[in-house]
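Dear colleague,

Please find below the structure that I am handing over to you. My notes on it follow directly after.

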Amino acid sequence: MWSTREGFHSLIATTTLVVTIFLHTSHAIPPLFPQPPDFGGEVDLARAPTPADRLPKTLTPYHYWLELRPIIDDGTGTGERFTAPGKISIKTIRSLESGNGNTITFHSLNNAINETTVSVVDDTDGTSLTIDYFVISLSSHWFTIVMASNSTLVAGKNYTLSMEFVSKINTQDAIGLYTSVYKGADNSTKYLVSTDFQAPDARMAFPCFDEPHMKAVWEIDIIRQTHYHSLANMPLADSTPVPELPGWVRDRYLPTVPMSSYLICFAVSDFTMEAANTSIYSKPVHVWGPPPLMERGNGRFSPDFSAKLMSFFETYYRIEYALPKMDKISIPDYSSGAMENWGLNTYRDTRLLYEEGISTAQDMFSMTNTISHELVHQWWGNLVTCEWWSDLWIQEGAATYYAPIGVAGVGMGDLLPMETLITASIQRSFDFDANKGLTHPIHLENIDPTNVALLFDTLTYHKGASLIRMMNAIVSTNTYNTAMTRFLHRYSYSTATQGDMFAVLDEVIAETPASSPLPANVNLTQIMETWTLQSGYPVVSVERSQFSNNVTFTQERFFQRIADGVGDTTRWHIPLTVQRPTDVLIPVRPERWLTADRAQTSLIPVSGAWIIVNPQSHGYYRVHYKNALLDAIIDQLWRDHTVFDVQVRSTLVDDNINLGYAGYLDLGKALNLTLYLRNERVLFPWQSFFTNMALPYRMYARSSPFSSFKKYVLDLTADALTAINIQPQPSDDNPTTLLRTLLVTWRCNLGDAACITYSIGRFSAWMNNPSNTSIVAPDLQPSVYCTAIANGGDSEWNFVWSQYLMADRDVIQTSLIRALACSKTSFRLNTLLEMAFDLNSGVRGKHRTLTVQAVAGNSAGVNLAFSFLRANWEAMIRRYGASMPSGIITTLSTQLISALERKNLEDFVASTGAQLQLSAGAVENLDKGAHWRTTIEGNFTTFIRSLTP
Ligand SMILES: [Zn+2]
């Protein structure tokens, strides 16, 4: 008989199976609730388990044998296409603490378990236990086997649990065991199957104990047709024909080291590969991708680069990589950026494959950083795993923190990965973490399984990385590295909590007490818990006495709107590092602490006009320089901004604009600081500036002060673009290319005549010679296409559309379809909205939501997109589910400015009768708009008008 879950019936289409399912659902599963027997409280079957429940810890798996046969092709005659018949055998031990019992509970979702094959064998004598019945909890993904009363599971004994099943290959979403599609060289559609299991999706491919602490050795057999090949976490042991299945082969893989289920991965495809040079790293490193892309050389960069990183991290952590090989595979349909499955990393194509003349500077940066991130995980996450997802930040923070160290460490420091980490990670995290409606502590004690997906957010990655960077600076790199190597050794093949990590640091610090950098009577654990168990972060105000050189530091929690902080008493242990004008080197170690038991402390600096607090942003906090101190800093920026490190400049821009927006600082003064940017030629301060100008750009786009705003930004940016030249130069490094892209995008959007002329010129040259795709530099393509459409007519429109239909890489398709949404004509934009929704228009399915969102993001298209949503939301839900209208609502929430527009959106959402809702993010966007109107707009407008007499 078959166990099944709702939703699986349509997939199992053969008559026999449907009949079997009918029989099964009619009487084979005993009803869950009527009079369940008493199981001694082991699994409370009187109460339906909820998705928020954890698996009982009564049974621990230590060895899996898994066989899976994904059926990719149509008409094999061996089973339904896009299913995977499988067998699994799990060796377990009954825990001593649990005592004897009579149930076994594990995860299974969408797997049709053949109940007649389920067996539980006592490993000591080989006897089979008698199974009374099965309980399947549909909502919690649980499958429970109940033993008969004469078959007891004895504490401390080993049992092998076996069964056969058919799992479903997901053809809709890129999760679990799923299929992916690409175009072959002959333009035919090719299929492959791969997996993506983090966090709770291994259970969608096979029954298992799907929690990260339940580590086990895995032996995996993949059965595939001979024209495919397979990959898994470990090297292949052997391949043998399957006698009863002509044309099929069994690939048997070597046993893994103990590992968590979410890290299991396998793939069946016809991909080809490039190998790294084994003189760089002794173990094999291979990069796999679709043959047409590999033949164009797309796989040439990554193998050697990855091999260098493997070698680098082995030396850095002083721990050998645990597996005998490393494969990396590019998956055409991919929901995130990449995944660190042990020994078989999976990637979206732009993060692994690099194509000269097509990939951009941003692609090069993201690719190198992502490859490095996934390799860090081989130690942080795979070797040592979070005990529960509450501590996900440790491994994601570590991967985010060490990735740029790796990139720089293998000779690609000219991409400026460390500098980018500082600006991008900290400032992005600050924005999210100051938002009262969105933020949360990065360690969420006992987070339940239903909320795990929420943890994969900006805070886990970027606040996590920032806090690791802060710990490193507090204790010094030497101490930190000693402690982390010890931590990785101690918890290898096991799991750990943040408490375990902090304890190792405290242990190492205690070995040399004389040089402890910590404040008296406080250990590192106590310091760090103020950062990981509390939401948000502080702003440290720095004020100099009018009568002496005394400087006072005051802490309070920073909020996006100062009013949100009324009554808040959160405090942190804050390391204070101070740079004075006389310092030759930028200090890293804290000079003083502002401890959590007090709001204020003071320090006497040496004389000098200014000081910089937290100069390399090692401390996770903003700095508010008050009065004369800020004047002195602005004065120095004007006279010679290069006195300050580029990181300091970037932080000054970001901190002060945000302090101004939130109401901690006079906004006019903050914007006055930005005027120094006329002389700025380095990427990072500009990135900080433009990130913070997105709000005024959107808010002004449909109002009269827009002309003053344009003049403000165009005046600031003019010299910088002249200095680096609008036309890409052979000598450009990556950061210069990124800066040019920013400047050109903003200046063209703001109507700069020279920028528009340049863009139209490049675009015309491409139209005249369409096969030469490098006429427009890859990095400038999105901006140039958008400008050409915004300023062009039918011929530009038709050309971009025809190129979209022909393009074979997502990155190109996306910039072309987005460009169409840059039109300023209502007729064109309405046509595009209709095309986005018309199944036969040629707009690809994956671009439908994005196209409507792009129209909504265009000030000329906001109201059109809103009307379109009102007219079509029900049809959208019917066809695509709620995610399409919800995505459009989120974009509209950033664009609808006036109180009336906000009310219209809220009324519309209410009118859908809860079929659509405003997400927390959308509410925040609307609140940001309201805050702009009440608090920011007047001061901003006064400032930009003061610049134009
Ligand atoms: Zn990661």
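In these notes a residue is called buried when its relative accessible area is under 20%, exposed when it is over 50%, and partly exposed in between, using a 1.4 Å probe and the protein chains only. By that scale Ser-516 is partly exposed, with a relative accessible area of 31%.

Two remarks on the basis of the values come next. This is a predicted model, in which local features need pLDDT of at least 70 and side-chain atom pairs count only at pLDDT 80 or more, while totals for chains, interfaces and linings use all residues. Residues are numbered from 1 along each chain as its sequence is written, and side-chain values use heavy atoms, with hydrogens and water left out.

Domains

The chain is divided into domain 1 (15-270), domain 2 (280-379), domain 3 (385-531) and domain 4 (538-645); these bounds come from an automatic or database domain assignment. Between the C-alpha centres of domain 2 and domain 4 the separation is 41 Å.

His-377 and Glu-396 link distant parts of the chain: His-377 is in the loop between α4 (361-376) and β20 (384-386), and Glu-396, 19 residues away, is in helix α5 (residues 392-412). Helices (H or I, at least four residues) and strands (E, at least two) are DSSP runs, numbered from the N terminus. Both His-377 and Glu-396 are buried.

Aromatic pairs and charges over rings

The structure holds 61 aromatic pairs. Rings of Phe, Tyr and Trp (its six-membered ring) pair if their centres lie within 6.5 Å; planes under 30 degrees apart count as stacked, over 60 as edge-to-face and the rest as tilted. Phe-197 and Phe-206 are edge-to-face because their ring planes stand at 90°, with the centres 5.7 Å apart. Phe-197 and Phe-206 are both buried.

Trp-686 and Phe-689 form another edge-to-face pair, at 6.0 Å centre to centre and 85° between the planes. Both residues lie in helix α14 (residues 683-700), 3 residues apart, which is about one turn of the helix. Trp-686 is buried, as is Phe-689. Ring pairs also join these two residues into a cluster whose members include Phe-690, Tyr-697, Tyr-700, Trp-746, Trp-932 and Phe-943.

A charge sits over a ring if NZ of Lys or CZ of Arg is within 6 Å of the ring centre and within 35 degrees of the ring normal. The charged end of Lys-436 is placed in this way over the ring of Phe-559, 5.8 Å from its centre. Arg-870 lies over the face of Phe-866, at 3.9 Å from the ring centre.

Cavities

A cavity is a set of points on a 1 Å grid over the protein atoms alone where a 1.4 Å probe fits but cannot get out, and its lining residues have an atom within 4 Å of a point. Grid points are joined across faces, edges and corners, and a volume is the space filled by probe spheres set on the points. The count comes to 6 cavities of 30 Å³ or more. The largest cavity has a volume of about 90 Å³. Its lining includes Ile-612, Asn-614, Pro-615, Tyr-625, Leu-652 and Asp-655. β28 (612-613), β29 (622-625) and α12 (646-662) each give two or more residues to the lining of the largest cavity, and α12 supplies the largest share, 4 residues.

Loop residues

Most residues other than glycine have a negative phi. Arg-318, in the loop between α3 (302-317) and β17 (326-330), has a positive phi near 55°. Arg-318 counts as exposed, at 52% relative accessibility. Ser-476, in the loop between α7 (458-475) and α8 (477-490), likewise has a positive phi, near 85°. Ser-476 is partly exposed, with a relative accessible area of 22%.

Ser-516 and Asp-506 are 10 residues apart in sequence and 9.8 Å apart in space, C-alpha to C-alpha.

With kind regards

Methods: 1 Å grid on protein atoms, 1.4 Å probe; cavity = no way out; pocket = protein on both sides within 12 Å on 5 of 7 lines; lining within 4 Å.
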